[in-house]
Amino acid sequence: MPAPKKTVRRSLLVTSAVLSSLALAAPAAVAAPSPSGSPSASPSGSPSATPPASMSTVGGARLGQPGPQVNLASGVPVLPKDVSARSWIVADAESGDVLAAHNAHWRLAPASTLKMLFADTLLPKFPKDTKHKVAPSDLAGIGPGSSMVGIKEDETYTVRDLWLGVFLRSGNDAVRVLSAMNKGVENTVEEMNEHAEELQALDTHVVSPDGYDAEGQVSSAYDLTLIARSGLQKKDFREYASTVSTKFPGETKKGKKGKPVRKSFEIQNTNRLLAGDSDVPVYQGIAGVKNGNTTNAGATFTGVAERNGKVLLVTVMNPEKDEHNEVYKETARLFDWGFKAAGKVQPVGELVPPKGAAQASAQPGANPSGEAGGSGDGGGGTAGTGSKPVASAPAADGSSGIGTALGITGGVLVLLAGGAFLVNRRWPLPDLVRRRTRPDDEK
């Protein structure tokens with residue numbers, strides 16, 4: 001039975017004194033990455049099969065303990081037994097309550113889920129209609145076997161094109177171009193690490209902005225969930241993360257009469273819970289966020305979904321089962337458990353707010369949406385078009401998907417030194433998204 005719509009939500013805000021007292025445990029030992037970062041490669045060179053005995057306690061002491069953490073009681077469903085991930089977490093996106101977790105602070109290679117931090121850091125910097133001509137140097141340093149969207153030298157792309165390439169195809173080429181626009185990879189990595197620290201994502205250390213395997217690059221299920229929650233405050237982030245497919249600019253070629261012609265090609269989101277696959281149906285209420293897969297990290301995924309007024313975040317890292325789409329299957333099982341347990345289970349911890357968060361009322365002129373050059377409405381509608389494309393229906397710009405899946409309708413503004421953080425009481429999804437049922441639900 002789904003959780004009740006009306007539940008008492010604990011406040012996201014905690015005092016800065018409590019935050020500053022949270023101890024960060026020593027990093028877990030991570031195996032040296034293999035030279036390949038292929039998104040299709042199977043896990044190898046993985047970290048040890050056992051988590052460290054001592055981990056960070058950010059968000060609560062229970063989250064620093066190894067093994068499953070859940071408060072089972074009468075009426076609370078048992079955790080699914082067929083979850084093999086080394087680390088996972090189920091959290092309420094609105095209240096920040098962590099409903100259950102398993103090795104939540106185990107520092108592991110994140111793969112392309114790290115692109116959520118890349119997007120949360122850089123999205124506000126460039127208006128989506130900004131055009132950029134790609135120089136050869138922009139694409140330098142891309143690791144062999146990287147996932148690519150197909151960016152070509154000397155072609156011009158809008159910032160929106162590049163972000164769609166990042167979110168849908170996990171394009172390391174798009175990451176490199178945006179990093180070049182941001183004064184280079186080194187500067188981008190530095191800013192990402194600074195932003196992670198501000199978000200209290202203290203398990204995270206960035207070496208490569210695209211999540212490609214690199215020595216010392218780590219994150220955790222807790223941090224990736226925290227980062228996703230921050231990113232979902234941003235209107236553009238929500239649009240890109242929930243887009244199922246779109247048209248991407250191709251290479252300029254000579255037409256029949258010798259005139260230059262540039263056609264587009266379709267790209268589809270590689271998030272299988274959003275786009276579906278032969279053995280994974282579209283998950284009911286799914287609205288993003290980001291998947292990843294490298295040799296060292298194995299498969300990783302952070303997802304957000306809504307049912308009956310409840311919005312949950314689930315992160316799964318490195319399932320030990322070597323089956324096709326296993327990371328999505330395990331995520332779906334944890335979502336199913338979370339929606340049944342929400343409102344019944346006592347939390348084992350919480351997603352903390354950023355370091356500098358201090359409660360304040362929304363102020364005129366603030367832009368909580370995180371949309372570069374945007375209206376700051378923070379609500380629904382596809383960025384740049386004002387429309388709300390329905391899943392699988394083409395939008396005016398040729399894209400299809402959920403559109404802005406998490407339209408914010410309420411909340412208080414929490415001002416930070418470097419921006420705005422919107423703490424939401426409600427993150428409702430459009431009605432048409434709620435009605436997106438899995439095929440087996442329609443029988």
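Helix H3, which spans residues 159-169, is mostly covered in this predicted model: 10 of its 11 residues are buried. The buried set comprises Val159, Arg160, Asp161, Leu162, Trp163, Leu164, Gly165, Val166, Phe167 and Leu168. Just after the helix, Ser170 adopts a positive phi of about 55°.

Strand S3 (residues 97-102) is likewise mostly covered, with six of its six residues buried. The pairings of strand S3 are listed below.

| Partner of S3 | Residues of partner | Sense | Bridges |
|---|---|---|---|
| S1 | 68-69 | antiparallel | two bridges |
| S2 | 85-92 | antiparallel | four bridges |
| S11 | 349-350 | antiparallel | two bridges |

On the S11 side, Asp97 stands opposite Glu350. Strands S2 and S3 also form a hairpin, with four residues between them. Within that turn, Gly96 has a positive phi of about 85°.

A positive surface patch is formed by Lys152, Lys253, Lys256 and Lys263. One of these residues, Lys253, belongs to strand S6 (residues 243-254). Is Lys253 buried or exposed? Its relative accessible area is 55%; because the cut-off for exposed is over 50%, Lys253 counts as exposed.

Note on methods. Residues numbered from 1 in each chain as written. Predicted model: local features only at pLDDT ≥ 70, side-chain atom pairs only at ≥ 80, totals over all residues. Heavy atoms only, no water. Buried < 20%, exposed > 50% of the residue type's maximum accessible area, 1.4 Å probe, protein only. Patch = residues over 30% accessible without salt bridge, like charges linked within 9 Å, V, L, I, M, F, W, Y side chains within 5 Å. Areas by Shrake-Rupley, 256 points an atom, 1.4 Å probe, with all protein chains shown as cover. Salt bridge = Lys/Arg side-chain N within 4 Å of Asp/Glu carboxyl O. Lys, Arg positive; Asp, Glu negative; His and termini not counted. Charge placed at Lys NZ, Arg CZ, Asp CG, Glu CD. Pairing = 2+ DSSP bridges.
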